[in-house]
Amino acid sequence: MKKPLLISDCDEVLLHMVVPFGAWLGEAHDVDFAPDGGDFSRSMRRRADGSYVAREDMWPLLDGFFATEMHRQTLVPHAREALADIARVADIVILTNLGDQCHADRVAQLEAVGIRHRVVCNQGGKGVPVARLIAEHDPSVTVFVDDLATHHESVARHAPAVHRLHMISEPSLAGSVAAAPFAHARIDDWPAAAAWILARFEAMAPAGA
């Protein structure tokens with residue numbers, strides 16, 4: 001019998017990232033980080049002169065955090081327990097936008113907090129890799145969870161039958177980010193999200209049916 005499939009993002013869904021990233025920016029780079037939405041390009045200011053960090057300089061800072069500072073990240077409340085409940089009935093894949101060089105560290109990081117599921121690294125939109133995972137698993141129904149609206153739009157384009165749940169688990173960020181227009185629901189805590197996911201699995205119907 002076919003099983004359902006949950007495809008979940010990691011940062012700000014399973015693990016907190018914004019707060020430890022901001023702390024590291026201040027300590028290591030004298031940069032103040034004050035995110036007020038999903039776009040970090042106007043969230044980083046150099047303490048020396050108050051100037052914004054240029055977009056081309058933002059990505060190396062993010063890469064540097066994931067290269068050496070992933071140990072700072074903490075588990076989102078109830079995420080481990082929710083995934084354990086979901087895993088009783090479904091396959092789970094963690095689809096994370098990190099380079100392949102970070103794969104082993106991400107696997108170890110998640111295992112250290114009791115999350116042991118397949119991890120797939122990706123760059124760019126998530127619609128194509130979601131479609132690829134569906135072709136591989138041939139699930140009865142699929143749910144996708146991510147904090148970024150752009151990925152929900154990508155999945156809507158490439159895998160429209162997938163149920164899409166928008167989640168931002170960081171309270172300081174969630175209130176300033178609107179619900180993703182291409183998601184089917186917005187839920188920012190795991191107990192309620194798990195109930196929504198399991199209901200989609202029980203219904204056994206694709207999105208839009």
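Select Trp59, Leu62, Asn97, Leu148 and His151: of the 35 residues lining the largest pocket, these lie nearest its centre. A pocket here is an open set of points on a 1 Å grid over the protein atoms alone, fitting a 1.4 Å probe, with protein on both sides within 12 Å along at least five of seven lines; lining residues have an atom within 4 Å of a point. The model is predicted: local features need pLDDT of at least 70, side-chain atom pairs pLDDT 80 or more, while totals for chains, interfaces and linings use all residues. Numbering runs from 1 along each chain as its sequence is written, and side-chain values use heavy atoms, without hydrogens and water.

The volume of the largest pocket is about 920 Å³. Colour its lining by class: 16 nonpolar, 10 polar and 9 charged. Helix 2 gives the largest share, 7 residues.

Next, show helix 1 (residues 18-29) with helix 2 (residues 55-68); helices are DSSP runs of H or I, at least four residues. Their axes come within 11 Å and cross at roughly 105 degrees. That makes helix 1 roughly perpendicular to helix 2 (65 to 115 degrees).

Now select the contact, heavy atoms within 4.5 Å. Pro20, Phe21, Trp24, Leu25 and His29 in helix 1 meet Leu61, Leu62, Gly64 and Phe65 in helix 2. This contact has 7 nonpolar, 2 polar and no charged residues.

Last stop: Phe21 and Trp24. They are 3 residues apart in helix 1, so about one helical turn separates them.

Definitions and conventions:
Axes fitted to C-alpha atoms, helices over the stretch in contact; angles between N-to-C directions. Helix = DSSP H or I, 4+ residues; strand = E, 2+ residues; numbered from the N terminus. Parallel < 35°, antiparallel > 145°, perpendicular 65-115°, else oblique. Nonpolar A, V, L, I, M, F, W, Y, C, P; charged D, E, K, R; others polar. Points joined across faces, edges and corners; volume = space filled by probe spheres on them.
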